[in-house]
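Subject: Model handover

Hi,

Here is the structure I promised you. Please open it next to this email as you read.

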Amino acid sequence: MPPIERLGTSPAPKGCCPQPFAKDTLDACDTVLLVKALTESLASLGWTDFFGDQLEPDEASLVPTRIASVHRDRLAGLSQYEQTDLTLPTNANTGDYAVGDWVLVEPHSLLLRRRLTRKTVLERRTQGGRVPQLAAANVDTLFIVTSCNADFNIARLERYLALANEAGTTPVILLTKADTAEDAEAYQRQAAALQRGLAVVMLNPRVADAAAALAAWCGAGQTVALVGSSGVGKSTLVNTLAGSALQAPQQTAGIREHDAKGRHTTTARSLHAIAGGGWVIDTPGMRTLHVSDVASGIDTLFAEITELAPLCKFRDCTHVHEPGCAVQAALKAGTLDPERLARWRKLSEENQGNTPVQSGPRGNKSPGGRPKRR
Ligand SMILES: Nc1nc2c(ncn2[C@@H]2O[C@H](COP(=O)(O)OP(=O)(O)OP(=O)(O)O)[C@@H](O)[C@H]2O)c(=O)[nH]1
Ligand SMILES: [Mg+2]
Ligand SMILES: [Zn+2]
């Protein structure tokens with residue numbers, strides 16, 4: 001992995017012991033300045049008190065490191081001092097870590113000692129997969145990228161939104177390839193109607209202006225991640241956000257003309273510095289997105305339905321045939337879109353079907369009771 005220059009400090013030689021903890025060689029004033037400078041640089045990597053508060057007193061000599069890329073057999077990390085491959089603890093699997101994770105590393109051996117609890121985690125279930133796959137961790141904003149062409153699919157965008165809501169990240173829809181569409185505004189209108197207060201940004205990832213259009217969500221200490229189908233322009237946008245400092249651009253490739261499908265050019269997740277501050281995570285294009293354990297994410301997405309449910313006569317109303325159903329009443333009154341209700345029903349049912357049922361102490365079953373992995 002090439003050095004990331006924006007960190008400002010020249011990387012220490014591999015395995016070199018970081019110095020912030022050798023305080024006895026400095027006077028008190030130097031120590032305060034040094035600790036302040038290091039904290040600022042850690043903060044620019046996305047470190048906050050949320051992670052600092054997790055450190056135990058005997059962990060002061062370990063180096064906080066952010067996972068920069070995850071491969072099948074190797075993990076790369078980024079600290080204030082260097083970028084380096086990390087040594088995994090025995091029996092650990094690279095699949096246990098997500099790009100964006102904070103871990104504590106031994107300075108000499110580069111042994112990964114412990115992962116810190118995540119503030120947010122994006123995970124998805126693959127078809128038939130028992131354990132959800134980790135997409136990215138500690139992400140502040142999820143850029144859901146789609147194009148103004150055959151890739152644009154409302155039901156799929158709603159799945160991404162449910163995932164982002166559940167993960168606690170702010171979703172923003174990015175619409176690319178407006179230059180190839182006849183009526184790009186129609187795509188923008190449809191996207192904006194998907195969730196209350198949802199930001200939708202139309203941009204061309206190939207031009208430098210794209211960075212300015214996203215400045216509100218980027219900046220020092222912020223982490224954004226890009227998700228979406230193959231070929232929508234995620235890696236092109238990473239290269240534009242990284243700007244001229246980028247030494248090894250992400251590979252990009254044209255799409256198939258006849259159906260606008262991409263070629264799955266990106267195959268691993270990776271973290272990149274944004275020229276104006278902050279970090280962006282590139283991810284491989286997803287073919288399908290199955291939902292599981294995202295009940296509250298669905299509630300936020302379909303707020304107009306969620307809000308009506310308590311007004312129904314029966315607490316367990318299915319909003320299909322029950323008397324006194326506020327949802328059916330809204331449908332009849334024309335204040336609720338029947339297509340939204342149909343998609344809410346389909347997504348909720350799929351989510352319930354995929355969410356493990358937990359048995360309580362008396363054998364009571366409660367859906368969605370699985371404790372969240374963080
Ligand atoms: N005309 C036009 N082309 C674009 C735009 N955005 C991206 N492209 C092109 O779309 C193609 C695919 O872009 P990539 O950045 O490789 O797409 P990706 O989302 O990273 O794809 P995967 O890595 O396969 O998931 C490239 O040829 C880009 O130049 C746009 O707004 N307009
Ligand atoms: Mg890509
Ligand atoms: Zn009802």
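Below is what I found, from the whole chain down to single residues.

Some ground rules come before the findings. This is a predicted model, in which local features need pLDDT of at least 70, side-chain atom pairs count only at pLDDT 80 or more, and totals for chains, interfaces and linings use all residues. Residues are numbered from 1 along each chain as its sequence is written, while chains are lettered from A and ligands numbered from 1 in the order in which they are written.

**Overall**

The protein chain has 10 helices and 15 strands. Both are DSSP runs, numbered from the N terminus: helices are H or I with at least four residues, strands are E with at least two. Of the 374 residues, 37% are buried. Buried means 20 or more other C-beta atoms within 10 Å of the residue's own, with C-beta atoms placed from the backbone. Among contacts (C-beta atoms, placed from the backbone, within 7 Å) with a separation of 6 or more, 65% join residues 24 or more positions apart.

**Ligand 1**

The shell around ligand 1 holds 25 residues; Gly233, Ser235, Thr252, Thr266 and Gly285 are the closest. A residue counts if its C-beta atom, placed from the backbone, lies within 6 Å. By type, the shell has five nonpolar, 15 polar and five charged residues. Nonpolar is Ala, Val, Leu, Ile, Met, Phe, Trp, Tyr, Cys and Pro; charged is Asp, Glu, Lys and Arg; the others, Gly among them, are polar. Helix α6 (residues 234–242) gives the most, three residues.

The largest nonpolar core has 78 residues. Such a core is a set of buried Ala, Val, Leu, Ile, Met, Phe, Trp, Tyr and Cys residues joined through C-beta atoms within 7 Å. Ala98 is one of the members that touch the most others. Beyond four places in sequence, Ala98 touches Ile67, Val70, Val121, Leu134, Ala135, Ala136 and Ala137.

Helix α3 (residues 154–167) supplies the largest share of this core, seven residues. In α3, 11 of 14 residues are buried, including Arg159, Glu158 and Glu166. Gly168 follows α3, with a positive phi near 85 degrees.

**Leu308**

Leu308 sits in the loop between α8 (303–306) and α9 (326–333). Leu308 counts as buried because it has 22 C-beta neighbours inside 10 Å. Outside four places in sequence, Leu308 contacts Ala326, Val327 and Ala330. Its C-alpha atom is 9.7 Å from that of Gln328, 20 residues apart along the chain.

Best wishes

Technical notes
Buried ≥ 20, exposed ≤ 12 C-beta atoms within 10 Å, placed from the backbone. Contact = placed C-beta atoms within 7 Å.
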